[in-house]
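Here's a quick briefing to go with the model.

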Amino acid sequence: MSVCSVGVHMVSDLEAMKQRLESSQLRTYNLTASDLVKDHLRYLMGGRLNVENEVLCRFVFPERPGALMKFLDTFSPRWNISLFHYRGQGETGANVLVGIQVGKSEMEEFIQRSESLGYEYVLVTNDSNFQLLMH
């Protein structure tokens, strides 16, 4: 699979390009509506392997001293952090894509710890765009 990013000025230009590609037997996916792709996955292309028991989450870290330490104290060394991609958003905080190796029998504990952390988060392990681009 090859991934290409294109810039067009009008939706009609995008549709015309999509039709030309598909007429040449090339599959297309429009990922412009995915915040996960825009914030993280486009920077992580290439070389990603399957990581055993990896749970993928997006956290919003508050912009304050100690936020990272609080996160690390919550999850490490209990679980291995296999991926950490930080995208600062200024004073509003940071979007952080995190991979953590959590066994199936430990998921309930992981979710409890994630919720007690107090940071906004969402599990994205099964996100179709993640599956498409990273596996």
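The crossing of α3 and α4 is right-handed, meaning that the near helix is turned clockwise from the far one by less than a right angle. Keep in mind that this is a predicted model, where local features need pLDDT of at least 70, side-chain atom pairs count only at pLDDT 80 or more, and totals for chains, interfaces and linings use all residues. Residues are numbered from 1 along each chain as its sequence is written, and side-chain values use heavy atoms, with hydrogens and water left out.

**The helix pair**
- Helix α3 covers residues 67-75 and helix α4 residues 107-117; they pack at about 160°, with axes 10 Å apart (axes are lines fitted to C-alpha atoms over the stretch in contact, and angles run from 0 to 180 degrees between N-to-C directions).
- That makes α3 and α4 roughly antiparallel (angles over 145 degrees).
- On the α3 side, K70, F71, T74 and F75 meet F110, R113, S114 and L117 of α4 (contact is heavy atoms within 4.5 Å).
- The residues of this α3–α4 contact split into four nonpolar, two polar and two charged (Ala, Val, Leu, Ile, Met, Phe, Trp, Tyr, Cys and Pro count as nonpolar, Asp, Glu, Lys and Arg as charged, the others, Gly among them, as polar).

**The whole chain**
- There are five helices and four strands (DSSP runs: H or I of at least four residues, E of at least two, numbered from the N terminus).
- Along the sequence, the order goes α-α-β-α-β-β-α-β-α.
- Of the chain's 135 residues, 32% are buried (under 20% relative accessible area, 1.4 Å probe, protein chains only).

Note on methods: Angles under 35 degrees count as roughly parallel, over 145 as roughly antiparallel, 65 to 115 as roughly perpendicular and the rest as oblique. Buried means under 20% relative accessible area, exposed over 50%, partly exposed in between (1.4 Å probe, protein chains only).
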